[in-house]
Amino acid sequence: MTLNHAVTYELIKKDARTGARRGRVHTPHGTIETPVFMPVGTQGTVKAMKPEDISEMGAGIILANTYHLYLRPGHELVREAGGLHKFMNWNGAILTDSGGFQVFSLGKLRKITEEGVKFQSHIDGSPHMITPEKSIEIQNALGSDIIMAFDECTPYPADREYAKKSLERTTRWLKRCKEYHKNIENQSLFGIMQGGMYKDLRKLSAEQIVELDLPGYAIGGLSVGEPKEIMIDVLSDCVDYLPADKARYLMGVGSPDYIFEGVERGVDMFDCVLPTRIGRHGLAMTSQGRVNIKNQQYEKDWSPLDPECDCYTCRNYSKAYLRHLFKAGEMLSSTLMSTHNLHFLIKMMEQIRTSIEEDRFLEYKKEFYEKYGRF
Ligand SMILES: [Zn+2]
């Protein structure tokens, strides 16, 4: 019997010369045009942004964070509120990560066993344990459309033996996640590929997770400190190991140049805190490259942040005003800068999708790099 997965992938068109592909991810909260960039709303909010503003920009899916929402306000509270969509007033799709990446990042505050990960809360030091089952229980309570398997993110550098052990544990944990996840008609579980920078281990990991026939697959453990050339090289092979009829998600990678490289190789979904984080620090991604609004040169610059942008910020405010807001520590600074940066990436993705439809992805990539630069 075929199961009715909540989330399905539809391939519309493949680029003639690269692995880039134009598709759709169907979810219980709407259809997402891919390749897509997903804004990150760690604590159930995309920082400094109202949900309706995100939606108006054309974002159909955001990412929220299991670790943070479990610790505060607690997943049972969110369940009681009617789920995360209702709690945060977001009618689009939501993807939650599993909490794995956050607990592994706690360093000394955590201990990994076969059972799961014991850790101390970064908020009050209280002891907790997340197991694969617990991660799914939390994500079931949050009610996100796409839920991620609890995995062990292999750090960089890692020796081969460690990377192999780690990917095998990730597979065992994935089986436990799949076993525990019963709400398959409303929420879809994505598996995560690991294997460090070892291509044969990436292949092994892919074979093991694909065998479980999940609605989508993610590539984890990339962009964790390795040089860009290595990352791109490993990524090229990773995509080939994943089935063409399922969505492919490259986790935590969202700077413009990495998005282009990922799309070129056949990745459909990206997320990154970059646009909002750098926005709060006074940095803008523009068609002319990065703009640091703190610079003296903008003190009396009455032009918009990006002359080619039609976002709310660029239609209404000058660089001089944005610089003033930032210098004065005004809250509106974060909102206006984040608005522009999110708009920039969302529009860039729209153009990427059109370029794939018209078989000119490589030309668009070249044109973008020439104007924007690479970093
Ligand atoms: Zn703008």
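Residues are numbered from 1 along each chain as its sequence is written. Because the model is predicted, local features need pLDDT of at least 70 and side-chain atom pairs count only at pLDDT 80 or more, while totals for chains, interfaces and linings use all residues, and side-chain values use heavy atoms, with hydrogens and water left out.

**Stop 1**

Select strand 1 (residues 8-14), strand 2 (residues 21-27) and strand 3 (residues 30-34); helices (H or I, at least four residues) and strands (E, at least two) are DSSP runs, numbered from the N terminus. These strands form an open sheet in the order 1-2-3, with antiparallel pairing, where two strands pair if DSSP finds at least two bridges between them. Strand 1 and strand 3 are the edge strands, each pairing on one side only. Neighbouring strands of this sheet are turned by 20 degrees against each other on average, direction ignored; axes are lines fitted to C-alpha atoms, for helices over the stretch in contact, and angles run from 0 to 180 degrees between N-to-C directions.

Follow the chain from strand 1 to strand 2, and you pass through a hairpin with six residues between the two strands, which pair over six bridges; here L11 has G23 as its bridge partner. A second hairpin, this time through two residues, joins strand 2 to strand 3, and five bridges link that pair. In strand 3, look for T31 as the bridge partner of H26, and for I32 opposite V25. Five of the seven residues of strand 2 are buried, where buried means under 20% relative accessible area, exposed over 50%, and partly exposed in between (1.4 Å probe, protein chains only).

**Stop 2**

Next, select the open sheet of eight strands, whose order is 4-14-13-12-11-10-6-5, with parallel pairing. Strand 4 (36-39) and strand 5 (61-64) stand at the edges with a single partner strand each, so one side of each is left without a neighbour in the sheet. From one strand to the next, the twist averages 25 degrees. Within this sheet, zoom in on strand 13 (residues 247-250) and strand 14 (residues 269-272), which run parallel and are joined by two bridges; F270 in strand 14 is the bridge partner of L250.

**Stop 3: helix 6 and S144**

Select helix 6 (residues 132-142), which lies across strand 6 (93-96), strand 10 (146-148) and strand 11 (188-193), at about 160 degrees to strand 10. In the loop between helix 6 and strand 10 you will find S144. Is S144 buried or exposed? S144 is buried, with a relative accessible area of 0%. Residues that S144 touches, not counting those up to four places away in sequence, include H85, I94, Q139 and N186. The side chain of S144 also makes a polar contact with that of T96 (2.6 Å), a polar contact being a pair of N or O atoms within 3.5 Å, where within protein one must be able to donate a hydrogen and the other to accept it, and residues adjacent in sequence count only if both atoms are side-chain atoms.

**Stop 4: F260**

Move to F260, which has its place in helix 10 (residues 256-264) and is buried, with a relative accessible area of 0%. Among the residues that F260 touches are M348, I352, F361 and Y364. Although F260 and F361 are 101 residues apart along the chain, their C-alpha atoms are separated by 9.2 Å.

**Stop 5: the zinc ion**

Finally, select the zinc ion, which is coordinated by C309 (SG), C311 (SG), C314 (SG) and H340 (ND1) at 2.1 to 2.3 Å. Donors are N, O and S atoms within 2.8 Å of the metal (3.2 Å for Na, K and Ca), and water is not among the atoms, so sites may look incomplete. In sequence, the donor residues are spaced C-x1-C-x2-C-x25-H, and both C309 and C314 are buried.

How values were computed: Contact means heavy atoms within 4.5 Å.
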